Each structure stands twice: as structure tokens, then as C-alpha cells.
Amino acid sequence: MNIVRGIGRFWYDFIVGDDWKIAAAVVTALAIGALIAAGTATGASWLPPLVGALVVVAFTVSLVVDVRR
Amino acid sequence: MGSSATWGLLTATFTASFVEFVEALTIVLAMGMTRSWRAALAGTAAAVVGLVGFTAVAGYALINWLPESALQLGIGTLLLIFGLQWLRKAILRSSGLKALHDEEEEFREQAEAARRAGDEQKLGLDWFAFVVSFKGVFLEGVEVVFIVITFGLNADNVGLAAGGAAAAGVIVLSAGAIAHRPLARVPENTLKYAVGLLLATFGTFWAVEGLGVFQSGGESIEWPGEDWSILVLLAGWFVLSRLLVWAAPVVAGRGRRPERRVPAVAEEPS
């Protein structure tokens with residue numbers, strides 16, 4: 001069990017690192033993007049820039065929250 | 001894949017791998033110079049064997065178990081999270097809110113820890129030097145493997161990605177063998193800033209393409225202008241990062257921006 005926990009801890013530290021807010025921001029932005037994509041016809045050229053902008057905003061918010069601590 | 005994406009792939013994998021190899025070299029040098037070269041190199045070799053196995057398993061699983069758009073989404077998301085971690089630290093260092101990474105200081109800390117450690121021997125090796133070298137090379141190497149696999153699979157060119165990483169490894173090892181000391185003059189903080197931008201750019205590009213898995217047909221979404229949008233994304237992340245470097249100290253409540261003009265890139269320790 002300790003080995004499993006250790007492996008899990010390793011991957012958590014590797015992916016999420018020391019700021020969980022970035023992972024949360026990215027997942028939230030992409031989840032919103034997924035919902036929009038699911039309800040949008042294929043080939044909508046506005047979709048990628050919109051989701052890209054969501055990611056940028058989410059990262060900015062997470063960084064602002066981080067530095068204001 | 002267009003030429004701009006190809007150059008981006010090569011630049012990203014080479015630069016990211018270069019930084020990781022420099023950090024791994026510092027650890028191995030510290031163990032070799034203070035404890036035992038035999039143990040340090042044995043730990044390095046063991047880590048390389050482990051990494052080769054890890055790469056083969058991870059690469060095979062990812063290629064064969066996931067459809068393309070799901071692969072793009074999953075790997076793109078991981079790359080984006082990973083890249084934004086680097087970009088966040090680069091922004092904080094450039095704005096003065098986090099100390100710059102100093103390879104010589106890292107070497108001193110590792111060497112000091114090595115001098116204080118016990119003299120346990122296993123398999124005829126200085127065990128401390130072996131374990132520290134193994135862990136250091138493996139952990140830094142996993143980051144290289146992660147970048148090579150994510151870039152290589154999404155760009156459908158694992159060979160080129162691996163080539164970029166291998167070239168970085170050869171250069172760092174050669175420089176380390178000649179200098180016989182930590183590569184402190186490498187502008188690591190600047191390189192990490194550049195890598196953060198590249199990883200964030202490509203992570204955004206591929207993660208959004210992968211959202212096509214949620215649409216009918218499950219095909220990848222195409223960015224307008226296709227590979228040209230990579231350059232637009234890179235410019236966007238760069239402009240945002242410079243704005244945040246400027247604004248972060250103010251937001252942090254330090255009252256005012258640094259009195260001296262913040263240079264375009266983080267200053268490197270001499």
C-alpha cells in the first residue's frame with residue numbers, strides 16, 4: 001500500500017506540482033470548453049480561440065490568487 | 001505537420017531536455033566529486049535503464065489504447081498543466097517574487113548533504129551516492145521522457161522529439177565532461193521561461209484539438225490557420241507573461257513595481 005501511495009504521490013507532485021490551482025484552472029477551462037464543444041457543430045472556427053482564451057483567463061486568475069496570498 | 005510546428009517541436013524538446021540534463025548533471029557531479037564516481041555513474045546507468053523501460057511501456061500504452069483525439073486531449077492537458085507550472089515560476093522569478101534558480105548553489109547543497117551522509121555500502125557501491133544519482137537522473141529523465149512522448153505523439157514524430165532530447169543530452173554531457181563542474185553559466189532561468197512558453201503554447205494547441213472527442217464523429221478540432229495558430233498562441237502567452245511580470249509585484253501588495261527596469265529576461269546569477 002505504501003508503494004501505491006508513493007507512486008501516486010510521485011505522479012501528483014510531477015503533474016500538479018506545488019500549485020494545485022494551475023491544474024484546477026486548466027481542468028475547469030477545458031471542462032467548460034468540452035461542454036461548449038459538445039453543443040457545437042463541427043467546424044466552428046470560433047471554438048478554438050474561445051477555449052484558448054478561457055485557458056488564458058483561468059491561468060491568470062490562478063496566478064493572481066497565488067501572488068495575493 | 002507544418003514546418004513551424006516541426007521547428008517548435010525540435011526547439012521545445014531540445015530546450016526542455018537541455019535544462020533537465022543540466023540539473024541531472026549537477027546532482028551526478030556533486031555525488032561523483034564528493035563521494036564516488038563509480039557509484040554516481042552506476043546510479044546514472046540504472047536510471048537510464050529504468051527510463052528506457054518506462055518510455056517503452058508508456059509510449060506503447062498511449063499509442064495503442066487511446067483514439068487520436070482522446071490522446072491529444074489527455075496529453076495536451078497534462079502538457080498544459082506541466083508547462084504552466086514552469087511559466088508560473090518563470091513569471092514569479094522575473095518579477096522578483098521568487099528566487100532565481102542557481103545551479104552552483106544547488107551543487108553546494110548536494111555536496112554538503114553528501115559530506116554529512118553515512119558510509120553505507122551495498123553491492124560494492126557507495127549507497128548514498130548511488131541512490132541520490134539514480135533518483136536525480138530518473139526524476140529529471142522522467143520530465144524529458146514526458147516532454148518527448150507528449151510532443152512526439154501529438155506531432156506524430158516521436159523520432160524527431162527524441163532526437164532533440166538526445167542532442168541536448170550529448171551537448172550537456174560533453175560540456176560537463178570538459179568543464180568538470182556545474183554548468184552555472186547556462187542561462188537556466190531564461191531557458192525555463194522559454195520552455196514554459198513553448199509547453200503552454202503546444203499544450204493549449206493540442207488540448208483544444210482534443211476536445212473534438214466530445215463532438216459527433218470524434219475528430220480533432222482544427223484551429224483557424226492550423227499550424228500558424230501556434231505562433232499566435234506563442235505570442236499571446238508571451239505578451240500575457242510580460243504583463244504578469246509587470247503586474248505581479250503590485251498585485252502581491254508590495255506597493256510598487258521594482259525601481260530598476262526589469263530586463264526582458266530574468267537575470268542569471270554570475
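What follows is a chat about those labels and the cut-offs behind them.

Guide: Housekeeping comes before the labels: this is a predicted model, where local features need pLDDT of at least 70, side-chain atom pairs count only at pLDDT 80 or more, and totals for chains, interfaces and linings use all residues. Residues are numbered from 1 along each chain as its sequence is written, while chains are lettered from A and ligands numbered from 1 in the order in which they are written.

Visitor: What makes up the elements of chain B?
Guide: Chain B has eight helices and two strands. In order from the N terminus, they go α-α-α-α-β-β-α-α-α-α.

Visitor: Why is B:Phe146 called buried?
Guide: B:Phe146 has 21 C-beta neighbours inside 10 Å, so it counts as buried. B:Phe146 sits in helix α5 of chain B, and its C-alpha atom is 9.7 Å from that of B:Gly59, 87 residues away along the chain. Across the 270 residues of chain B, 47% count as buried.

Visitor: What makes a set of residues a nonpolar core?
Guide: The members are buried Ala, Val, Leu, Ile, Met, Phe, Trp, Tyr and Cys residues, joined through C-beta atoms within 7 Å. The largest such core here has 91 residues, and A:Val26, B:Met31, B:Val148 and B:Leu199 touch the most other members. Helix α5 (residues 127-154) of chain B gives the largest share of this core, 16 residues.

Visitor: How do you know how α5(B) and α6(B) run relative to each other?
Guide: Their axes come within 7 Å and cross at roughly 150°, α6 being residues 158-179 of chain B. Axes are lines fitted to C-alpha atoms, for helices over the stretch in contact, and angles run from 0 to 180 degrees between N-to-C directions. Under 35 degrees is roughly parallel, over 145 roughly antiparallel, 65 to 115 roughly perpendicular, and the rest oblique. α5(B) and α6(B) are therefore roughly antiparallel. The residues in that contact include B:Val148 of α5(B) and B:Ala161, B:Ala162 and B:Ala165 of α6(B). By "contact" I mean C-beta atoms, placed from the backbone, within 7 Å.

Visitor: And α3(B) with α7(B): what is that pair called, and why?
Guide: Their angle is about 150°, with axes 6 Å apart, so α3(B) and α7(B) are roughly antiparallel to each other too.

Visitor: Why is α2(A) called oblique to α3(B)?
Guide: Helix α2 (residues 20-38) of chain A packs against α3(B) at about 135°, with axes 9 Å apart. That angle makes α2(A) oblique to α3(B). The contact involves A:Val26 and A:Leu30 of α2(A), among others, and B:Leu84 and B:Arg88 are among the residues of α3(B).

Visitor: How many residues does each chain bring to the contact?
Guide: Chain B brings 30 residues and chain A brings 26. On chain B's side, α3(B) gives the largest share, nine residues. By class, that side has 21 nonpolar, seven polar and two charged residues. Here Ala, Val, Leu, Ile, Met, Phe, Trp, Tyr, Cys and Pro count as nonpolar, Asp, Glu, Lys and Arg as charged, and the others, Gly among them, as polar.

Methods:
Contact = placed C-beta atoms within 7 Å. Helix = DSSP H or I, 4+ residues; strand = E, 2+ residues; numbered from the N terminus. Buried ≥ 20, exposed ≤ 12 C-beta atoms within 10 Å, placed from the backbone.
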